[in-house]
Amino acid sequence: MSNDDAYANAAHIDGAEAYPRRWQEAAASLRAATAGEVHRRYGSARRQRYDLFLPEGEAHGTAVFVHGGYWRTLDKSVWSHLAAGPLARGWAVAMPSYTLAPAARIPEITSEIAAFLTHLADERPGPLRLAGHSAGGHLVARMLCPGVLPPPVLERVEACVPISPVADLRPLIDTEMNADFRLDTETAEAESPALLPREGAARVTVWVGADERPAFRDQARWLAQAWNVPLVVEPARHHFDVVDGLETAESALTEALLG
């Protein structure tokens, strides 16, 4: 039996079709209201770009948000509104895009995010805080696995919040999406944070919505257990709205990232 339904989010969320437009409108509003937005490159490929949002005054450091979309869809511009909470607390916010599958395989995407963070560390002073949603949750967790980030960059990562992460990629082998991922068992195991140790001293909090698909609650639990870190199951949140707390400076999610 395939795992397609287990990992199908939109099919199990009321009004799912309205969310992409809602995200895009909220993101555009944030960009229109923010004077400190900068568009930059971290590599030569078309999607190796990031948006940097700057707070008023000197930033405490830089918070990063890595978007999801099963490594196959979406980009940085859909999520600008999630910078609002960290910006209000005096943090700069960087949001990268990355080459999507099938043009890139997941190990290559991992390497792109590592290259982005290395570039960002050269460009920005102070600590780094990492958050990512779904596939982005996988990617920020991978940054803490051995050999991914250069040690001087890893040392600057103070906190990491994988939100609804895909932490064990092996179940995705038996999905239709794997036509794009081209995962085999060896690659899935090598790219699964829940099967790998973590390095560095970053504070890790795994976050998931109570109303998410059981597969995503399992994935979050597997990572929290493997790394012996806190798991927060946020009430009344599903896969599409579990990130909303980042819009608010005082939310529990923003506090997990910046507190």
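Thr-205 counts as buried because its relative accessibility is 9%, where buried means under 20% relative accessible area, exposed over 50% and partly exposed in between, with a 1.4 Å probe and protein chains only. The model is predicted: local features need pLDDT of at least 70, side-chain atom pairs count only at pLDDT 80 or more, and totals for chains, interfaces and linings use all residues. Residues are numbered from 1 along each chain as its sequence is written, and side-chain values use heavy atoms, with hydrogens and water left out.

- Thr-205 sits in the loop between strand S7 (203–204) and strand S8 (206–209); helices (H or I, at least four residues) and strands (E, at least two) are DSSP runs, numbered from the N terminus.
- Apart from neighbours within four places in sequence, Thr-205 has contacts (heavy atoms within 4.5 Å) with Cys-160, Val-161, Pro-162, Pro-230, Val-232 and Ala-256.
- Strand S6 (residues 157–163) is mostly covered, with 6 of its 7 residues buried.
- Strands S5 (residues 128–133) and S6 run parallel and are joined by 6 bridges; two strands pair if DSSP finds at least two bridges between them.
- Gly-132 has Pro-162 in S6 as its bridge partner.
- S6 and S7 also run parallel, joined by 2 bridges, and Cys-160 stands opposite Val-204 in S7.

- Buried residues in H3 include Ile-106, Ile-109, Ile-113, Phe-116, Leu-117 and Leu-120.
- Helix H4 (residues 135–142) is largely enclosed by the rest of the structure, because 8 of its 8 residues are buried.
- The buried residues of H4 include His-138 and Arg-142.
- The cover over the buried residues of H4 includes strand S3 (62–66), H3, S5, S6, helix H7 (185–190) and helix H8 (214–227).

- Val-166 belongs to the loop between S6 and helix H6 (178–181), and its relative accessibility of 0% is why Val-166 counts as buried.
- Not counting residues up to four places away in sequence, Val-166 touches Tyr-70, Trp-71, Ser-134, His-138, Leu-172, Pro-193, Phe-216 and Gln-219.
- Val-166 and Ala-215 are 49 residues apart in sequence, with 9.1 Å between their C-alpha atoms.
- Ala-201, in the loop between H7 and S7, counts as exposed because its relative accessibility is 80%.
- Ala-201 and His-238 are 37 residues apart in sequence, with 30 Å between their C-alpha atoms.

**The cavity**

- The structure holds 1 cavity of 30 Å³ or more; on a 1 Å grid over the protein atoms alone, a cavity is a set of points where a 1.4 Å probe fits but cannot get out, and lining residues have an atom within 4 Å of a point.
- The volume of the largest cavity is about 40 Å³, a volume being the space filled by probe spheres set on the points, which are joined across faces, edges and corners.
- Its lining consists of Ala-63, Val-64, Phe-65, Leu-82, Pro-86, Val-93, Ala-131, Leu-246 and Leu-257.
- S3 supplies the largest share of the lining of the largest cavity, 3 residues.
- The lining of the largest cavity divides into 9 nonpolar, no polar and no charged residues; Ala, Val, Leu, Ile, Met, Phe, Trp, Tyr, Cys and Pro count as nonpolar, Asp, Glu, Lys and Arg as charged, and the others, Gly among them, as polar.

Note on methods:
1 Å grid on protein atoms, 1.4 Å probe; cavity = no way out; pocket = protein on both sides within 12 Å on 5 of 7 lines; lining within 4 Å.
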